[in-house]
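Please look over the sequence and the model shown here, and keep both in view while reading.

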Amino acid sequence: MLDRRRIVAGLGATAIATMVSDKLRAAASIKPDEGSALLVIDVQNCFLPGGSLAVKDGEQVVPVINKLAKAFSNVVLTQDWHTGGHISFASSHAGKKPFETVNLDYGKQVLWPDHCVQGTESAALSKDLQVPHAGLVIRKGFRKNVDSYSAFTEADGKTTTGLAAYLKARSIHKVFLAGLATDFCVAWSALDARKAGFETYVIEDACRGIDTQGSLAKAWADMTQAGVKRIQSADIAA
Ligand code: VGL
Ligand code: ZN
């Protein structure tokens, strides 16, 4: 009787130990290497509390990104960088309000409050972002008549920002995305990264979404469909 109890207890302990070690392994299973880059999307004042297009809880991504960035030797930052009177601003379309849409020659455009105008404090990167080793800042959406949510390709679907060529020239084939907003600039960048052939990860807890008219659920569905991997910051080994 005693023996049998011991055997059962022993098996239980082994099973539990296996489960625990699997969990630990799953907890930080991705180790960024020289072929990996962290893309930090649009962590700018305009998308943070008090900004003209503030993303709910947007400030919460900053400490997560600061910590994550230490695990990457390759980091790229992006800035949404619009002209005054930009075509994506509702104020540029008579009778239109923010979050309504218009059809432009390159497709449907969501209209936004004025935001991230070139050279303004609103367009500056958050002063709390601590990524001094970032090697490149990509600005996008700087042509008055074309928006660019994506860090790779403008909304006309053909004008490149040069980012894919830059990454490839540096033998980077894996990209990890963080920042704002999950359902616009992060998602569009992730989808274009897949199109350009990169292994693509979106770090969910290092992003926050705008979520207008179902955009967040749609973005995740589109990203999953395109083979984007949805991970958490805890999955990345420091
Ligand atoms: C963004 C809306 C308009 C973003 C930029 O960074 O996700 N969203 N411009
Ligand atoms: Zn914008």
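## The largest pocket

Which element gives the largest share of the lining of the largest pocket? In this model, which is predicted, that share comes from helix α4, with seven residues. The largest pocket holds about 540 Å³ of space, and of the 25 residues that line it, Y149, D183, F184, W188 and K218 are the closest to its centre. Two or more residues of this lining are given by each of β4 (107–110), α4 (182–195) and α5 (215–225).

When the residues lining the largest pocket are sorted by class, nine are nonpolar, nine are polar and seven are charged.

## The second largest pocket

The second largest pocket has a volume of about 190 Å³, and its lining is made up of V64, K67, L68, K70, A71, S233, A234, I236, A237 and A238. By class, this lining has seven nonpolar residues, one polar residue and two charged residues.

## An enclosed cavity

Rolling a probe the size of a water molecule over the atoms shows where empty space is left. The structure has one cavity of 30 Å³ or more, and the volume of the largest cavity is about 100 Å³. Its lining consists of 14 residues, among which F47, L53, D80, Y149 and C185 lie nearest the centre of the cavity. The lining of the largest cavity divides into nine nonpolar residues, two polar residues and three charged residues.

## Around ligand 1

Which residues are found around ligand 1? They are D42, F47, L53, D80, W112, H115, Y149, L180, A181, F184, C185 and I210. Five of the names in this list, F47, L53, D80, Y149 and C185, are also those that lie nearest the centre of the largest cavity.

## Helix α2 and its cover

Why can helix α2 (residues 61–69) be called largely enclosed by the rest of the structure? Seven of its nine residues are buried, so the helix is largely enclosed. The buried residues of α2 are V61, V62, V64, I65, N66, L68 and A69, and what covers them includes the strands β1 (36–41), β2 (75–80), β6 (174–180) and β7 (199–208). Two of these buried residues, V64 and L68, also belong to the lining of the second largest pocket.

Methods: Residues numbered from 1 in each chain as written. Chains lettered and ligands numbered in written order. Predicted model: local features only at pLDDT ≥ 70, side-chain atom pairs only at ≥ 80, totals over all residues. Heavy atoms only, no water. 1 Å grid on protein atoms, 1.4 Å probe; cavity = no way out; pocket = protein on both sides within 12 Å on 5 of 7 lines; lining within 4 Å. Points joined across faces, edges and corners; volume = space filled by probe spheres on them. Nonpolar A, V, L, I, M, F, W, Y, C, P; charged D, E, K, R; others polar. Buried < 20%, exposed > 50% of the residue type's maximum accessible area, 1.4 Å probe, protein only. Helix = DSSP H or I, 4+ residues; strand = E, 2+ residues; numbered from the N terminus. Contact = heavy atoms within 4.5 Å. Near = heavy atom within 4 Å.
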